[in-house]
Each structure stands twice: as C-alpha cells, then as structure tokens.
Amino acid sequence: MPAQNIASSAAALLGRSRTMFHSAVKAAAALGLALAVLQPSAAAAQQTYVVGSDRGGYLHDRLIELKNLQQNGVRVEIRGKVCYSTCTMFLGLPGACVDPATTFGFHGPSRGGRRLAQEKFDYFSRVMAQYYPAPLKSWFMAEGRNRISGVHKIKGSEIIRMGIPACRSA
C-alpha cells in the first residue's frame, strides 16, 4: 500500500490531528521504504509467478501488480481454470504463457458494473487493450469491451493461436 494511502487512512482515523498526522506520515514513509527494500529480493527469489484461477479485480491495483512483475523480470504462467477481467492483462507481460485449458473472460471497463462516461470508457478500454497481443487487442476494442455484464469467454488454446505461447507441461 503506498505511503500516501496509509497516511491518509491514518489521518482519517485519528480525526486529522496535525501532530498525529505528521507522525503517521513518518511511520508510513518508513514502512514504504522497508517494503521497497524487501520487495526486489522477494521477486528475485520467485522468478515465475503462476496465476491460478483469478476472476479479476480493480484496474488500478492490477496495473501496480503488472508494473512490479515487469520491473522485476518475473515470468508469468496463467494456468488456472479461469482468468477473467483484469487477470487477462497478464497476457501483455513479456514471456507470459497460458494453459490451453484456461478460460479467459473479457469485458469492458465499468464502475461497479455500470458503464462509464464515453470518454472514460474509451480511455480505460485502451489502457486494458495495451496488454493484449494485436489480434486480441483489435477484437477487444471492436467487440469485447462492449460487454459490461458478464464476460466473453475465450479458451487458452485460442489465445495461443493469437500469439501468446503455451506454458510447458508441469
């Protein structure tokens, strides 16, 4: 969790007392520094990240996860039964591979299942699509993103035909 988020939460809980807020900021900064120092060694110890069944999550959180994996050179294997929503963005990481039996689920960006204003919808659609190989990216922008309720399902074997390599058998 970024230091600013910790500090903001601390300030809200503590009634925004100036003295306590500054103490919380200092503690959050120290915690953030400690996590930054520990994070690279943990990533280095685990060169392969295996994605099990993952039904997605918040775009902001996934973008942070993707950035950390990419910066640390961690290879991603998508092997779960399902990979829905933001999980599909792992496809854009260098060296990512997929299990042919995994079912991928795609839908457009929304806020709590409600369609966004067109400008935001287009922007966040492009953010998501940048993590897809060219044929999948084109399909997503033309069709896949227009589903807000439910998901378009595509098997890993089809994703492999679009240019993402199959994972080696375990």
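1. The largest pocket holds about 450 Å³ of space. A pocket here is an open set of points on a 1 Å grid over the protein atoms alone, where a 1.4 Å probe fits, with protein on both sides within 12 Å along at least five of seven lines. The volume is the space filled by probe spheres set on the points, which are joined across faces, edges and corners. Of the 15 residues that line this pocket, Gly57, Tyr58, Leu59, Ser110 and Arg111 are the closest to its centre; a lining residue has an atom within 4 Å of a point. Helix H3, strand E6 (110-111) and helix H4 (118-129) each supply at least two lining residues.

2. The model is predicted: local features need pLDDT of at least 70, side-chain atom pairs count only at pLDDT 80 or more, and totals for chains, interfaces and linings use all residues. Residues are numbered from 1 along each chain as its sequence is written, and side-chain values use heavy atoms, with hydrogens and water left out.

3. Strands E1 (residues 48-51) and E2 (residues 75-78) pair in the parallel sense over 4 bridges. Pairing requires at least two bridges found by DSSP; helices (H or I, at least four residues) and strands (E, at least two) are DSSP runs, numbered from the N terminus. Val51 stands opposite Ile78 in E2. Together with helix H3 (residues 59-71), E1 and E2 make a right-handed β-α-β unit. Right-handed means that, with the strands pointing away from the viewer, the path from the first strand over the helix to the second runs clockwise.

4. How many aromatic pairs are there? The count comes to 5, where rings of Phe, Tyr and Trp (its six-membered ring) pair if their centres lie within 6.5 Å; planes under 30 degrees apart count as stacked, over 60 as edge-to-face and the rest as tilted. Tyr49 and Phe90 form a tilted pair, 6.0 Å centre to centre with 55° between the planes. This pair links distant parts of the chain, 41 residues apart: Tyr49 is in strand E1, and Phe90 is in the loop between strand E3 (82-84) and strand E4 (97-98). Phe90 is buried at 0% relative accessible area, whereas Tyr49 is partly exposed at 26%. Buried means under 20%, exposed over 50%, and partly exposed in between (1.4 Å probe, protein chains only).

5. Tyr123 and Phe124 form an edge-to-face pair, 4.9 Å centre to centre and 75° between the planes. Tyr123 is partly exposed at 45%, and Phe124 is partly exposed at 29%. Phe106, Tyr132, Trp139 and Phe140 form one aromatic cluster.
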